[in-house]
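Please take a moment with the sequence and the model shown here, and then follow the paragraphs below.

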Amino acid sequence: MHQGNAAILYVLFFLREADEDCEIAGVKVDKGSSILFLPKSVHRSADYYPNPDVFDPHRFDNNESNTLQDDYWFGFGIGPRACPAVRWAFVAIKIFIANVLIKYDVLPGEDAPGMDEVNARFRGTKVTTDKPMPIRFRKRA
Ligand code: HEM
């Protein structure tokens, strides 16, 4: 879920207003200034994640947080103004996926290449592959 959120769902920026004069990473910030924070600058940084541009569904295995607000992952924002619906959203996403899988078999499309024949990469805010990866849904009996 963390990887999917970092890859697909994340909000492009968070907006904050400085309530006092301060300095951030050597930059002087005046009280009242608007500050745009780009989560991508951390989510896709090699300083925090090895191979940050590779979609790796197992990246967070055994390392999922309970707070859903980590030092280096904040798909739902951070601090007191973070998304209050984060747990609701995680449950809703899981229920949606479970419902699809209960009702449908998800199969490779007719001409789909094998997983070892494609490279998956982040492009912009989406995970893409260098070859089309058609899938098909077959309603379960
Ligand atoms: C996958 C679904 C969702 C994602 C990825 C998401 C993400 C976010 C993010 C990134 C913020 C900004 C946090 C910040 O500035 O630090 C936010 C704020 C907020 N979200 Fe969500 N959200 C989701 C679903 C929802 C839902 C379903 C609700 C309501 C039912 C909701 C209600 C809110 C509210 C009220 C805020 C503003 C909180 C504040 O300013 O104090 N979100 N959300």
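This is a predicted model: local features need pLDDT of at least 70, side-chain atom pairs count only at pLDDT 80 or more; totals for chains, interfaces and linings use all residues.

Residues are numbered from 1 along each chain as its sequence is written.

The protein has three helices and eight strands, taken as DSSP runs numbered from the N terminus (H or I of at least four residues for helices, E of at least two for strands). Their order from the N terminus is α-β-β-β-β-α-α-β-β-β-β.

Helix α3, residues 86-103, reaches 26 Å from its first C-alpha to its last, close to the 26 Å expected at 1.5 Å a residue, where the expected span is 1.5 Å times one less than the number of residues. The count of buried residues among the 18 residues of α3 is zero.

Glycine 109 lies in the loop between β5 (104-108) and β6 (120-123), and glycine 109 counts as exposed because it has 11 C-beta neighbours inside 10 Å. Leaving aside residues up to four places away in sequence, glycine 109 touches Pro134, Ile135 and Arg136, contact meaning that two C-beta atoms, placed from the backbone, lie within 7 Å. The C-alpha atoms of glycine 109 and methionine 133 are separated by 7.3 Å, although these residues are 24 apart along the chain.

How values were computed
A residue is buried if 20 or more other C-beta atoms lie within 10 Å of its own, exposed if 12 or fewer, and partly exposed in between; C-beta atoms are placed from the backbone.
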